[in-house]
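Let's take a walk through a protein model together. Have the sequence and the 3D view ready, and follow along.

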Amino acid sequence: MQYSAGFTKEKWSENDIAIIIELMLQGKSKKDILEEVTEKNLFQLRSPVSIKNRFNMVYNRAASLDDEMKRHFLGANDYDRKALTLYSFLQVYRLPLEFYLEVLVYKYEQQDALYRNDFHYFFEDKANVSEKVNGWRSETIKRLINTLLMFFIEAKMIEKVDQSKYTIKPIHLSQNFKTYAVKNVPLLYSFTVLEKVNES
């Protein structure tokens, strides 16, 4: 996975993911799903161009879930759905995944709060090892930080304390789904304990 600034355009999209998953589980092809989403305006967007742009992002995230996770997503409680929505984001984009592992998990293990500056330090570190990140404008970095904040707040993994400080907390999963995650999806399980896991 290459570093990409493409996730500035990402929305939380929990409901859109559910729409795509339902059509995927009916065995429909990507082309057929796009046609149905466009014709019926299932995303409730104004133009075919915006539908197609949203579709490609949402489809990739839905496709990152295995069939068991897809089925669970459709009938899941709020916590499980939020965890799966966050998981789909981290599976598709390298920078958010590394931020989770290198900053959130580390800070939680240190019993430390998250600060707004931690996002800037993270991108400074990445700029030191990646020419691509180093070439991004400060406005791009700002938008990336806002997207990261939005995702981790929506997932209820971080909670705002004041203008610059956030608390970090694990996400709850239902017991049966947590058992599935322990055996099959280490990254998803790690959301419940905020520890680094062995992905092999």
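This is a predicted model: local features need pLDDT of at least 70, side-chain atom pairs count only at pLDDT 80 or more; totals for chains, interfaces and linings use all residues.

Residues are numbered from 1 along each chain as its sequence is written, and side-chain values use heavy atoms, with hydrogens and water left out.

Start with helix 1 (residues 14-24) and helix 2 (residues 30-39), whose axes come within 10 Å and cross at roughly 130°. That angle makes helix 1 oblique to helix 2 (under 35 degrees is roughly parallel, over 145 roughly antiparallel, 65 to 115 roughly perpendicular, and the rest oblique). Ile19, Ile20, Leu23 and Met24 of helix 1 meet Ile33, Glu36 and Val37 of helix 2; contact means heavy atoms within 4.5 Å. Sort those residues by class and you get 6 nonpolar, no polar and 1 charged.

Now hop over to helix 5 (residues 78-92) and helix 6 (residues 94-109), which pack at about 115° with axes 5 Å apart. So helix 5 is roughly perpendicular to helix 6. Here Phe89, Leu90 and Val92 of helix 5 touch Arg94, Pro96, Leu97 and Tyr100 of helix 6.

Remember Ile20 and Tyr100? Along with Leu86, Phe152, Leu188 and Phe191, they touch the most other members of the largest nonpolar core, which has 65 residues. Such a core is a set of buried (under 20% relative accessible area, 1.4 Å probe, protein chains only) Ala, Val, Leu, Ile, Met, Phe, Trp, Tyr and Cys residues joined through side-chain atoms within 4.5 Å. Leaving out residues up to four places away in sequence, Ile20 touches Ile33, Val37, Phe43, Phe55, Val58, Tyr59 and Ala62.

Key. Axes are lines fitted to C-alpha atoms, for helices over the stretch in contact, and angles run from 0 to 180 degrees between N-to-C directions. Helices (H or I, at least four residues) and strands (E, at least two) are DSSP runs, numbered from the N terminus. Ala, Val, Leu, Ile, Met, Phe, Trp, Tyr, Cys and Pro count as nonpolar, Asp, Glu, Lys and Arg as charged, and the others, Gly among them, as polar. Buried means under 20% relative accessible area, exposed over 50%, partly exposed in between (1.4 Å probe, protein chains only).
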